[in-house]
Amino acid sequence: MPLTARGEAIFERIPNSAPRESTGSIGCEIVRHEELCIGCARCASVCPTGATETSGTFDPMQLFAAPPDSRRGALGEALRKIARHQPSGPIEVPGRVSSFRSIVYEAEKCIGCGACARICPTGAVEAIPVSAAEIASSRGGEAA
Amino acid sequence: MRCGVFLCECGGNISGVLDLDSLADVARGADGIVSVSRSQFMCGTEGRRLIEQAVEDRGLDRFVIGACSRRFQGPTFERIARELRLGENAVAFANLREGCSFVHRDEPEKAQSKAEKIVAAAIARAGFQSDLPRGRTFLHRSALIVGGGIAGVAAAEELAGAGIDVHLVEREQSLGGYMARLSKTFPTEDCAMCSLAPQLTGAALEPRTHIHTLTDVTEISGPPGEFRVKLRHRPRFVSEACVGCDDCTPVCPVSVSSEFDLGVAKRKAISRPFANAVPSLYAIDKRGASPCKSACPAGTSAQGYVALVAEGRFDEAYGVASAPNPFPSVCGRICTHPCESACARGDVDEPIAIAALKRFVADRVGPEIVVEKAPLVHSEKVAIVGAGPAGLTCARDLAKLGYQTTVFEALPVAGGMLKTGIPAYRLPKDVLGREIAAITALGVKVETGKRAGKDFSIDGLLADGYGAAFLAVGLQKSSEVEIAGAELEGTLRAVEFLRELNLGEKVTVGDRVVVIGGGDVALDAARSAIRLQKGSGREPDVTLAYRRTRAEMPALAEDVEQALEEGLKVEFLVAPLKIVGKKGHVSALELQRCELGEPDDSGRRRSVPIEGDFVEIAADNVVLAIGQEIVADFLEGCEGVEVERSQIQIDRETLMTGKAGVFAGGDAAATGGWTAIEAIAAGSRAARSIHNFLRGEQLLEIWPAKAAEARPSDEELAGQVVGQRVPAPLRNGAERRADWGEVVGTYSEEDAIAEANRCLNCAVCSECESCVKACPAGAIELDQTETIEELAVGAIIVTTGHKEFDARRKRPLGFGRFPNVVTQSQLARLLAPSGPTAGELKRPSDGSIPKKIFMLQCVGSRDCSSSGNEHCSAICCLFATLHASLIKQHDPDADVTIGYTDMRTPGKAHEEYYRLVQERGVRYVRSRSGEILEQPDGGLLVRFEDTVTGRKNEEVFDMVVLSAGLEASDGTTEIAHVAGLQQSSAGFIKEYHPKLRPVDTQRPGIFVAGTAQGPKSIPDTIAQAKAAAARVVSMLSAGYVLTPAQVASSDSEQCIGCGICVEVCPQGAAALTVGDSPHAVVDANSCRGCGICAAECPSGAMTLGGFSDEEILAEVMV
Amino acid sequence: MSEALVEEQAQAAETEDAERKIIGFFCRECAYAAADATGNARISLPPTIRSVLVPCTGRVSPLHLLKALADGADGVYLAGCLVGQCHYREGNLHAIDRVEFARALLQSVGVEPERVQMFTMSAADSPKFVAAARKMHETISNLPPLKRK
């Protein structure tokens, strides 16, 4: 089970590499489902470490991946109809276009607090708590 | 759906290009269409009948109009739909005219196929249109009018007549605005005030009109019909008891430029702009506390007595100076004068010599004052320990409050440090004695030779029946200092040295004296030593040894100056190491050289010894002046009073010690610096605190509230002429050191008045209270404060008027530099019979009658290049013509020339008036001068090229009048921000539609009238004001108003709570609900209907009424 | 419109010299007013342009722009108030950015970005409205008809 950087750092400091079993965890694993993302950037606004940030570019492929009954999907549908080829790459997003912000996630900065997942209105970000027992067993140790 | 299609021929405009029958056939074939008809004019009665019929016969639930642009007749058909109970969103529009037949006349086939698509698109849109919910807002039957000039008053009159309550708000102290300043009005040459005054009186008498002057509108919120308004009422400082007798202005010593007279005259701090002012009350211009007053620990109104001195009113000045301070003659000589350090004049050239002026007044008036014994009001007695400045001030104030006070003094004389610390050449003994006598004359008993803790105790006094005690014992001992040789004979301590000297004991010093220290005590000791040496026939040899440099010396700069002039030698950057003795007597002082290091806690740079660098000064005496300590004998028999580090511990608020009823202040219990004025202030506070204590309730403010400091703006300071302080007489240094006579002399009367006239009157009203004394109605209330009022009104009219273009921005014209260049408004004041010159036109520079006058038009109007005002200011041509006419009628020999760009005289009788004035002999030359040059005699050289004849003229005129253009007033810009109104160029309020809605603004319920909307004449202003009032009446008559249909709304089920709509709404009309699953809600009253939120919404939950995605996309029928 | 008509139009659109179709979204306060003024002055306009009234160009999203193209338009443009004079304060500023975004989207899939444009004008400026219409017509006419899948 992959740990966040912070989780790793904490794990390193614990003697015997055997964390106590508890319902709390060393951090959450963050999983992003980009096709559900609507680009509202609330995750970026609550992230305490800047691991989640908005980027000034947008990947048009996300339009094609979005569910067809969503607004992004409808836009993707319209674009697909007139497209002459697949999107050539990310495009710049002008300042006042709010709902097409791309989100950039850097795992190295993430501390797994899960705030992004809690605030995401569409479920595009998931925070999966990692239990101590799982970590312990994956490292060949035992839960204390 | 059951939709009908109605096609309009538009009298041939449409049917002449399009084949309506063919269109009708195509329409019939569309889904959902159950009726198709055509008419010659769908917007007429026949068209309406067709619709009604079809709705009834065919059961229509919506219909399509194929006619002109929906921007024209849209409201007509929406109204029909509403009246037929289908809802106004039941009609869709096909623009067959401006969008088709008009623009494709030469391609009828293409027009036809396009028309088919347009109709099909409208039908498709209609399919998605549904009824839009409307909310109701109850309307308050009241209005706010912002601005009390002629526009506001005219509007108020109409509204009151319609039974609507009016709140008329005006920021100046009287209604009247710009019109009140005019002399006469064009074209009739009626007197402006004669027309205006009855209007103002009418407003005052109308019970429905509530007038708020000196008031600003600070907030407007809420929907039309229910505006919530916050008003800030600024204090007038004069109550309604004012009868307008004008006894106050002659006694007010402060004169400032009059805003009402637009700078061509002055007014007093208390004033009334004109006789028919509404309300007719006077008002005081009090900007806060002057810097001098703020800086004085005793809160002395220095500006007050300086202003009175400037008018030669020395008795009154003495009253103001001595009210908080019984030692004005003393302080005028020895005070550290923080007031002068704060003086704003210091930012121009040099601070006012406030202390010297106080001394002048006190020396002159003080001796003449006869002090009567103060009556005893209360039974309690108060004991004061220490007859220094703190103790004696406390005694005086308590005596005035009616208490019997006894001051116990350990020394054989009263005066404290004033007596024993300060030598006679700085403070003559008789001066101090006189002021102490004035205190004892009140009935204060002073018992000398009584030492607390030895001859009596505090506990004993309290047991004896004294109700309270004030410990003002000072710091009577020199600080002990750890220095080898301090016990040698000849080592003197400054405090004791000066005390013995000042008590008249025999004191001698050797041939060479070194004084260690850098404060005033050290200097006093040094200068006294010089005099002792000189007095016994020796050449003075006194050196001051100070551990830092001159810049860090705590002594007053002037004292240091004077000491150096008297021959004092100074060693800077030296620290005492050891006093060297020979046979038990001082022979030299060994010092270590130092340098300045990092600043310490107090901010002063530390003195850092330089290793190995020493200096020895030969000396017979070393005087230690490095600090003072308390003599704590009084603690004997004084349970409960604590002393820590030479300071009696007190409650900072009440000045009470740990012992109930025992208070302390002055040097011994300092709450500020260790100076005389701080001690005096402490004595006053203690008196108030003791009074509260004895009476058992908080009757007096111990620490009076401090008003905010008022300083002139940088601009005002920059406009001052730089000069210098009038110097006070100073005796020659070499001569004066031979005796103990006073070093500094007093001002002569002329010098005092001249120096006092340099004062900038920072706070305007100086609180000298001359008006309070003069007012027979007791109407002056200097402690008024501002108040906030909240109102609810149904509608708002903005009538905030205009201001004149600041002609200083056109520097070559000389306005603001040459006194004889004025603006038309200023000329109006000079011509007004009630104006500053009683209607006599006089040249500002010398008061002479000008014979040759030039008027320059379009200054700051029609001028994009320099002033940025492109507009024509509408009235200046006639304004100049009017003034030229008045001048000519008064003085037919006067030569008046108007240099114009165009003569714009629209409106009734204006062209005729222009003609008439030309016949009166006024010269009109088509020219636009760019520069005016001042002649030595104040005359003005104007070069003007007559563009009609081509002739170049160059003439010298006695006066030049600039027709400065109109711009939006500052109040207009402020209300635009508060109310969220758009402004056009030059700041005027933007009307909703320049033709069709000239008095509406972008905000429903807020209207505009008068010059706030744009330059215009008085009749046009009044017409607009009445129009705005009519709009308010029609708006409020309905009793309620519907929220608009074209507002955003969010489907809470679909909304995912992302918050993007909240971010993007320019009105702040969208918000998220709080709780578990937040969703967006839109305040329909704040929403302006732009649709930005609906376009941004990622889930599609947000839509715009009448413009949903489905409706828009349905119309995109290619 | 009937299915047959749609089909017929779609087929007709395949040929190079087929009539172009341009959709114009005009804000009611300025551009549509300028359009009406143009009409009242009887100035001729290319019939390729069909107008859609919106209260403010800020109402129009990239979805509307691209859907217009997807539904058959060869070009689409927004006409709104001059910058700084939007009757709804900032709608046209949003519109400008969205047009830029839509153009970037088109370019990324190989479609000419000039098929989507933004123009600003005041309500009184009929000449500017006409110039915008003619420019759009010319631009689109010089491009092949937009094929759709």
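What percentage of the contacts in chain C with a separation of 6 or more is accounted for by residues 24 or more positions apart? In this predicted model, such residues account for 76% of those contacts, where contact means heavy atoms within 4.5 Å. Residues are numbered from 1 along each chain as its sequence is written, and chains are lettered from A and ligands numbered from 1 in the order in which they are written. Because the model is predicted, local features need pLDDT of at least 70 and side-chain atom pairs count only at pLDDT 80 or more, while totals for chains, interfaces and linings use all residues; side-chain values use heavy atoms, with hydrogens and water left out.

Chain C contains 5 helices and 4 strands. Helices (H or I, at least four residues) and strands (E, at least two) are DSSP runs, numbered from the N terminus. From the N terminus on, the elements of chain C run α-β-α-β-α-β-α-β-α. Of the 149 residues in chain C, 61% are buried, a term that means under 20% relative accessible area, with exposed meaning over 50% and partly exposed in between (1.4 Å probe, protein chains only). The accessible surface of this chain comes to about 5,200 Å², and carbon and sulfur atoms hold 52% of that surface. Accessible areas come from the Shrake-Rupley method with a 1.4 Å probe; for residues, only the protein chains shown count as cover.

Within chain C, strand S1 (residues 22-27) and strand S2 run parallel and are joined by 6 bridges; two strands pair if DSSP finds at least two bridges between them. One bridge links C:Ile22 to its partner C:Ile49 in S2(C). Together with helix H2 (residues 31-40) of chain C, S1(C) and S2(C) make a right-handed β-α-β unit. A crossover is right-handed if, with the strands pointing away from the viewer, the path from the first strand over the helix to the second runs clockwise. Strand S2 (residues 49-54) of chain C is largely enclosed by the rest of the structure, because 5 of its 6 residues are buried.

Helix H3 (residues 62-70) of chain C is mostly covered, with 8 of its 9 residues buried. Among the buried residues of H3(C) are C:Pro62, C:His64, C:Leu65 and C:Leu69. The packing partners of the buried residues of H3(C) include helix H4 (71-82) of chain A and helix H33 (1109-1115) of chain B, as well as S1 and strand S3 (75-80) of chain C. After H3(C) comes C:Gly72, whose phi is positive, near 130°.

The largest nonpolar core has 79 residues, and those with the most contacts inside it are C:Phe25, C:Phe26, C:Leu65, C:Tyr77 and C:Leu105. A nonpolar core is a set of buried Ala, Val, Leu, Ile, Met, Phe, Trp, Tyr and Cys residues joined through side-chain atoms within 4.5 Å. Helix H4 (residues 91-108) of chain C gives the most to this core, with 7 residues. Not counting residues up to four places away in sequence, C:Phe26 touches residues including C:Ala31, C:Ile49, C:Tyr77 and C:Phe129. Apart from this core lies another, of 69 residues, among them B:Val166, B:Val896, B:Ala1025 and B:Ala1028.

In chain B, 3 strands form an open sheet with antiparallel pairing in the order S26-S27-S28. Strands S26 (574-582) and S28 (605-618) of chain B stand at the edges, each with a single partner strand, so one side of each is left without a neighbour in the sheet. S26(B) and strand S27 (residues 585-599) of chain B are joined by 8 bridges, and B:Val580 has B:Ala588 as its bridge partner in S27(B).

Strand S29 (residues 621-624) of chain B is covered on both faces: B:Asn621 and B:Val623 are buried on one side, and B:Val622 and B:Leu624 on the other. S29(B) runs parallel to strand S22 (residues 491-493) of chain B, to which 3 bridges join it. Strand S23 (residues 513-516) of chain B also pairs with S29(B) in the parallel sense, over 4 bridges, and B:Val513 has B:Asn621 as its bridge partner.

Chain A has 6 helices and 6 strands, and 43% of its 144 residues count as buried.
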